[in-house]
Amino acid sequence: MPFLFLAVVLVSCKNDKKIEATMASKTEQEKYTEPYRPQFHFSPESMWMNDPNGMVYTKGVYHLFYQYHPDSTVWGPMHWGHATSKDLLHWQHKPIALYPDEKGFIFSGSAVLDKQNSSGFGTDDNPPLVAIFTYHDAGRKASGDTNFETQGIAYSLDNGDSWTKYDGNSVVSDENSTDFRDPKVFWYEPDQKWIMSLVAGHHAQFYGSKNLKDWELLGEFGKDRGAHGGVWECPDLLPFKVEGTDKEKWVLLISINPGAPNGGSGTQYFIGDFDGKTFTTDQTEVRWIDWGTDNYAGVTFSNAPDDEMIFLGWMSNWLYANETPTESWRGTMTLPRKLTLEKEGKGYTLFNYPIEKVDGMISEGSVKDLNIAIGGEESISVDNLMRSEVRFVTSSKDFQLKFGNKVDEELVLTLKSDGNELTLDRSRSGKTDFQEDFGKTIQQMPIPDLPDGKYEVRILMDRSSIEIFLNKGQYAITAQVFPNENYNALNIVNTSDAKALEFKNFGIGSVKGVW
């Protein structure tokens, strides 16, 4: 969580009390029919949200905590908001879990189920949930003190309904590090200890503990690796079995702001090994989990069923997050995505693709094969395109998909074999002038390893977002859009000068709302 947008906060405060009063008088259904309100993605009931935090599964419930400012629709003093779900799609809003205190705001972090009660906060029969978070002391930062971010813990004995902060906080500090935050903790079975990954400016550090209270520095990574256009944030160190094999590799997720490939914030990843002390890799190229402008600070759920790696990201960008044209709330999460590590040639690629439960939300329309002549196009009218899934299989790499509406706005996706890339152009997609960078850049996603033969294209569009997955998540690109009227037409253009365009099993399905 990088910035203190104090000027924006002061300007916004005048309207926040009116918003709060208006939202209090609305029913749940009314709140979720507002302009641009996502229908099948998580968003807060009201006010500001950014990074997902403390994601953990226990007793049949997924817990999503998140960076939350309950008094404004722009960033401000951070709390941990809270929501729960049994399927990762339908969410129940809960009371605020963690409030700022004399040690500072409650910045990003993680949560674990302490099954062994190593912390002593619970019992063998009722092991605690333990949250590990960053304290951000704004006063210390303003005074020039470098030790303004430290790590604290809290515990819950009632499955996350209430929390008690540890009276020995803070548990990790470093007087010589700034931007020292975002602890992500997991149990490392070979050494029977907890491992904490956190960031310290432009690199990651790894700490170990037997009890979640007493930590020692074990190693560090990244000063000479990866993208360094901005501050590193939100690390997540994960073990994977390579799909179809028994080989284990480790993946380290690192968010960065600025420095993403299409401007502002984004999330890179590294593939390598972990020896219980530090992460190493021979990877030299920078790799991104998502090439779009609007997938940041994503991490995975702890203790997920079947040890699945389930990822959730914040669907925004620090370039314009405080200025998007929503009224009573700001902030949306991506769809939950399953991460898998796939062997590709001599290396590996991290795939990310919507969890299977998303399929159950889609009412399939008619499915057909499309064949469009060289230079030809086909236009399809769709009443509910802003809550839809577009899906097909093709071997072509030369076509355009144009999502349009009655006021001549359009969002354009272009696949080009010349250059091996997909581009996303939202310059005429609707409201773009709320911030100068939003519609200026044509987003580019290189696709050098997309198969030469058939591959799947899957697009999920909500009221103010689009998520695009190529080849089951080999490539992904996510972006926000704010059309003045709902898109109601899809125009498919064959841009090839050599052969007809073929889409197999082409269909547009309607996605059920979750609110």
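Here are legends for a few close-up views of this predicted model.

Residues are numbered from 1 along each chain as its sequence is written. In this prediction, local features need pLDDT of at least 70 and side-chain atom pairs count only at pLDDT 80 or more, while totals for chains, interfaces and linings use all residues; side-chain values use heavy atoms, leaving out hydrogens and water.

**View A. Threonine 334 sits in a loop between β20 and β21.** Threonine 334 is buried, at 2% relative accessible area (buried means under 20%, with a 1.4 Å probe and protein chains only). Leaving aside residues up to four places away in sequence, its contacts include His41, Asp294, Leu312 and Glu467 (contact means heavy atoms within 4.5 Å).

**View B. Phenylalanine 506 belongs to the largest nonpolar core.** That core has 57 residues, and Leu401, Phe403, Ile466, Leu470, Ile492 and Phe506 have the most contacts inside it (a nonpolar core is a set of buried Ala, Val, Leu, Ile, Met, Phe, Trp, Tyr and Cys residues joined through side-chain atoms within 4.5 Å). Apart from it lies another core of 42 residues, among them Tyr68, Met78, Phe105 and Ile355.

**View C. Phe186, Trp187, Pro239, Asn303 and Asp307 lie nearest the centre of the largest pocket.** A pocket here is an open set of points on a 1 Å grid over the protein atoms alone, where a 1.4 Å probe fits, with protein on both sides within 12 Å along at least five of seven lines; lining residues have an atom within 4 Å of a point. The lining has 27 residues, and β9 (180-188) gives the most, with five.

Key: Helix = DSSP H or I, 4+ residues; strand = E, 2+ residues; numbered from the N terminus. Buried < 20%, exposed > 50% of the residue type's maximum accessible area, 1.4 Å probe, protein only.
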